[in-house]
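Here is a short report for a reader new to this structure. Please keep the sequence and the model in view while reading.

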Amino acid sequence: MVNRTNGVTRRRLLQMGAGAVPALAVGALPATATAASLPTLNSVPPELKVIDTAMRKYIAERGIKSAQIAVARRGKILMAVGYGRYAVVNPDTGAALGQMPVRPTTLFRIASLSKHITSAAVMRLVQDGKLKLSDPVTTLLGLSATADPRLKQVTVLRLMQNLGGWDREVSKDPLWLDHTIASTLKVPLPIGHDAIIRYVTARPLDFAPGSKMVYSNYGYMLLGRIIARVSGMSYEAYVQRKLLAPVGITRMRLGRSLQTEISSREVDYQSGYTTKTVVDASGKVVPFPYGGFNMPNQDANGGWVGSAVDLVKFGMVFDGPGPVLNATSIGRLLAKPETGVTASGSWYGGGWWVRSNGTGLNTWHNGSMPGTYTFVARVQNGVSYCALFNRRAEEGTPEFESIDPVLGRAVGAVTRWPTTDLTPRFF
């Protein structure tokens, strides 16, 4: 089946190339020569060279093939760089067509950076009077509390703040249990959201809702279903129409599972791990990033694809009242939860880790799935930055979590900020 993205076939996207650049014909080889003639649109102002240097060192130490960074300050995008190259394949045969350079607008899976997008969508529905943070999930989605009456205590707010009662260290993360769920429910692969919800709802919670904070992909998957049910449109369509379009973001969409379904504008994903596919019943062993998990099921908790410039642009939604959220909505999204403030003073807001910083707040989040590692932060003096990578730490590789202090130190070393706004170059 030919995959379509916004009405354009993947084959046509291959013919069009990546973004507003000269065409790359299907099978036009050598692809490296063709790609080399395309503009990268990279921009590293001299004042921010320290950030570029830190990124290059981090990438080299980990053998990362594709990466991006974008840096913004006070509503202006000041730096945007794509690093490395990525493979493009024929959508019909899977044969390699060549390599493309990573540009600032090249798409990456962003994994759990999807969560603050989902929380913003929830708050927009609350802001528009269509939803209350106190609404119980059982009422909104018609879920039975027979297996555990405490499910009635799970509210929209508790889902946003990871207080819902599910602990993946106890009952395992159901977003990654496709074979178990299919076997238990006696349904074929691929399973969908309904099967996952049916499987989890038939089991007791791992702790009393509101009693502690435990990070939950499942809770955010439920938020996606609430957004769709209350808005009357698909989760993806609601986010694109009500959140992304008002701030000029048009590239972001939900990701696909297989490399042959992915447009030439999206990187390939690297992993040394293989596993049995969950996207069909063939039992075939596949590279983990391509069929080892079902991207459509990840939607609200980790399914978006976008670029670093898209993420810093969207992060501006939380800087102050605008076309997406008002000041009250932003405040409620980032507010301290009923429990779960850490010893260091941080807490989980709506899709962000949050910490007080003087008179303001620092917010940040990372994302991780096989073939993907991501990080975004909004810090002091109105600075924000996002880094995306096409692999994550695996056995025998260096850790990836140090991107937080690496970029934190680099940003802290900037002594003078450029003033040229690159935003019109990308939006």
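## The model

This is a predicted model.

## The sheet

Eight strands form an open sheet. Their order is β5-β4-β3-β15-β14-β13-β12-β11, and the pairing is antiparallel. Strands β5 (96-101) and β11 (346-348) are the edges. Each of these two pairs on one side only. On average, neighbouring strands of the sheet are turned by 15° against each other, direction ignored.

Look next at one pair inside that order. Strand β3 covers residues 66-73, and strand β15 covers residues 383-389. The two run antiparallel and are joined by seven bridges. Opposite V71 stands Y385 of β15.

## A helix across the strands

Helix α14 spans residues 403-412. It lies across four strands: β3, β13 (360-369), β14 (372-378) and β15. Relative to β15, helix α14 runs at about 140°.

## Helices α7 and α8

Two packed helices are described by the angle between their axes and the distance between the axes. Helix α7 takes in residues 178-185, and helix α8 takes in residues 193-201. They pack at an angle of about 75°, and their axes are 10 Å apart. Angles of 65 to 115 degrees count as roughly perpendicular, so α7 is roughly perpendicular to α8.

On the α7 side, the contact is made by T180, I181, T184 and L185. On the α8 side, A195, I196, R198 and Y199 take part. By class, this contact of α7 with α8 has five nonpolar residues, two polar and one charged.

## Helices α4 and α9

Helix α4 (residues 114-127) and helix α9 (residues 217-231) also meet. Their axes come within 10 Å and cross at roughly 35°. The crossing of α4 past α9 is left-handed.

From α4, the residues in contact are K115, T118, S119, A121, V122 and L125. From α9, they are N217, Y220, L223, G224, I227, V230 and S231. The contact of α4 with α9 divides into seven nonpolar, five polar and one charged residues.

## Salt bridges

Side chains of opposite charge can pair when their charged atoms come close. How many salt bridges does the count come to? The count is 13.

Note on methods. Residues numbered from 1 in each chain as written. Predicted model: local features only at pLDDT ≥ 70, side-chain atom pairs only at ≥ 80, totals over all residues. Heavy atoms only, no water. Axes fitted to C-alpha atoms, helices over the stretch in contact; angles between N-to-C directions. Parallel < 35°, antiparallel > 145°, perpendicular 65-115°, else oblique. Contact = heavy atoms within 4.5 Å. Nonpolar A, V, L, I, M, F, W, Y, C, P; charged D, E, K, R; others polar. Pairing = 2+ DSSP bridges. Left-handed = near helix turned anticlockwise from the far one by under 90°. Salt bridge = Lys/Arg side-chain N within 4 Å of Asp/Glu carboxyl O.
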